[in-house]
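This briefing goes through a structure by topic. Please keep the sequence and the 3D view at hand while reading.

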Amino acid sequence: MKRNINTNETPFVRYTLITIALSFIFIVLIVPLFSVFYYALDKGYDTYIASIRDEEALSAIRLTFLTVLFTVPLNLIFGVAASWVIARFEFTGKSLLTSLIDIPFSVSPIISGMIYVLLFGAQGFFGEFLASHDIKIIFAVPGIIIVTIFVTFPFIARELIPIMQSIGSEEEEAALILGASGWQTFWNVTLPNIKWGIIYGIILCNARAMGEFGAVSVVSGHIRGLTNTIPLHVEILYNEYNYVGAFAVASLLTLAALATLVIKEIVNYLSHKAGKE
Amino acid sequence: MSIEIKNIQKHFGQFHAIKGLNLSIKSGELVALLGPSGCGKTTLLRIISGLEYADSGSILFSGEDAINKNISERKVGFVFQHYALFKHMTVFENIAFGLKVRPRKLRPSKEEIKEKVYSLLKLVKLELLHDRFPSQLSGGQRQRVALARALAVEPQVLLLDEPFGALDAQVRKELRRWLRRLHDEIHVTSVFVTHDQEEALEVADRVVVMNQGQIEQVGTPEEVYTNPATPFVYNFLGNVNLFHGRVENGKLFLGDKEIKHSADSKTADNKAYIYIRPYHFDIHLSHQADTISSAIIEHISPAGSNIRVELIDEFKQPVLVEIPMERYKELGIKKSDKVFISPRQTKVFFDGDYQDYSI
């Protein structure tokens, strides 16, 4: 690479900065990442597999997937609808809606969980009603799903709003004038244009839904084999000094995170390629 | 199909975009809506198409009220300024879209669609590019795809928003001649929006000059150009020099010189605005009977068949004059020379007619 002497720093400054950045990344990111797998495999491969195939671990994995299965599609529908409304229409309360979408980002997850306990818990706002109809939300699976939806709900909307705004509505207007119905327009014109944004948003939403700890911890009640998700299960194992078990289960989340990272990069690459065509 | 526009009003918040506008367009006509940006021409086009709703007023298509019809019932074709082609579809798919989205009963068969698309591709001379994506086309090609796509649904009215706005000068000229020929061929009632007077005058059967949400003048290109109804139209169509004169005892004065003019002298003492086209001036080396001012030459642009001479008159105002090449050679003028300018033709507006049209 050619270097312009007038605009670039001296080699000393550059190498110092590079060294600082790289060692920081190494200590804060790379070493912990490897330590997860190191401790997980500390007592050998068989123990590792056994920890994962433990009944409670499997139940936590199932619950996590169940949560994702509800969270991602619901947030996808909400995200597309919200970004559509915000990008396409002018209405009173639009800026309020835009900032409301960000609330889960700005509120601590513990507090998000607390809110739902106060709403649906035994002493909560809807508590009596729920108890009399024998519906359990808090300390049960529905509560876990609801708080996860709350915590992850900005991801897809946030991803789509700027994309929809930058695309504009001309193509949609063209489709309507050519006689397409609203649904045909959405399906044939809008969706292909926001496809990559949706995929990207789903990846982020999915990653967070799997990894969410704070809010879920408040509403779950930590009932083993029933209301423990993977992150909660990791904590329980760790608190019981079962380090190998904790790291083994944690390694699953780490692998999922790494996979997310790889898929994210692939999506990024593909969408840029598609954009250039 | 004829279009009748009656007393259309449109506000955007506080902004009064269209102020009670009336216009009738005959069947098969090619009409240009001409005006500066922000004059409401695009808004009017979008109201005709149904993309925008008017606050009040009515629009009749062939005498039938269209204001309550939704977009697809109006049977209009619309060509967007930036074409709005479907990026992820090929040229073929773009043109076929309007036919493919029809309800099953009205949808042509695959073969019919194919036949229709290829005949349109032939019409716009893009047969070989049917499998390209919009991003692989030049601006002029995209424009023609957009037009073919709009024509595929056999619209009764074709609306074009700044159809040549995004093209470079050469392609622009070619395409507008082509559009004129195409219109003569297919004869669909067409309305296009432009801010380029040359384009409007060259292509359209009739020109509608708009300003600030109202119509200033409607007429054939010749009418609006040679006989502008208002000072705005005079200003907007072609270069023009404005002189501030006054009327005294029915006589028109510029400075202390009386100026002959054709307007009747009923006007009471008043301010007068004298418009003179650059090519209605002659330059003389000595004072003539009809000289209105002496002037110093500032700049001469000797390109083209007419020579453009920029001068500063005795009121310290800039004046633009165009004289034929032969006349220029005959005079032998150069920069900083003092000369005398005489108009062959003037157009005078009096105070009440005049508004400030600084754009």
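Helices (H or I, at least four residues) and strands (E, at least two) are DSSP runs, numbered from the N terminus. The model is predicted: local features need pLDDT of at least 70, side-chain atom pairs count only at pLDDT 80 or more, and totals for chains, interfaces and linings use all residues. Residues are numbered from 1 along each chain as its sequence is written, while chains are lettered from A and ligands numbered from 1 in the order in which they are written.

**Chain A overall**

- Chain A contains 14 helices and zero strands, so its pattern along the sequence is α-α-α-α-α-α-α-α-α-α-α-α-α-α.
- Along the principal axes, the C-alpha atoms of chain A fill a box of roughly 70 × 60 × 30 Å.
- Chain A has 277 residues, of which 32% count as buried; a residue is buried if 20 or more other C-beta atoms lie within 10 Å of its own, exposed if 12 or fewer, and partly exposed in between, with C-beta atoms placed from the backbone.
- Among contacts in chain A with a separation of 6 or more, 74% are between residues 24 or more positions apart; two residues are in contact if their C-beta atoms, placed from the backbone, lie within 7 Å.

- Val240(B) sits in the loop between helix H9 (231-236) and strand S11 (241-248) of chain B.
- Val240(B) is partly exposed, because 17 other C-beta atoms lie within 10 Å.
- Beyond its neighbours within four places in sequence, Val240(B) is in contact with Tyr234(B), Asn235(B), Tyr275(B), Ile276(B) and Arg277(B).
- From Val240(B) to Asp282(B) is 42 residues in sequence and 14 Å in space, C-alpha to C-alpha.

**A sheet in chain B**

- Four strands of chain B form an open sheet in the order S2-S1-S4-S5, with antiparallel pairing; two strands pair if DSSP finds at least two bridges between them.
- Strand S2 (15-25) and strand S5 (64-65) of chain B are the edge strands, each pairing on one side only.
- Strand S4 (residues 56-61) of chain B is joined to S5(B) by two bridges, and the two run antiparallel.
- Leu60(B) has Asp65(B) as its bridge partner in S5(B).

**Nonpolar cores**

- The largest nonpolar core has 84 residues, and Ala32(B), Leu33(B), Ile95(B), Ala148(B), Leu159(B) and Val208(B) touch the most other members.
- Helix H5 (residues 139-152) of chain B gives the most to this core, seven residues.
- Another core, of 32 residues, lies apart from it and includes Phe155(A), Ile203(A), Val234(A) and Ala246(A).
- A nonpolar core is a set of buried Ala, Val, Leu, Ile, Met, Phe, Trp, Tyr and Cys residues joined through C-beta atoms within 7 Å.
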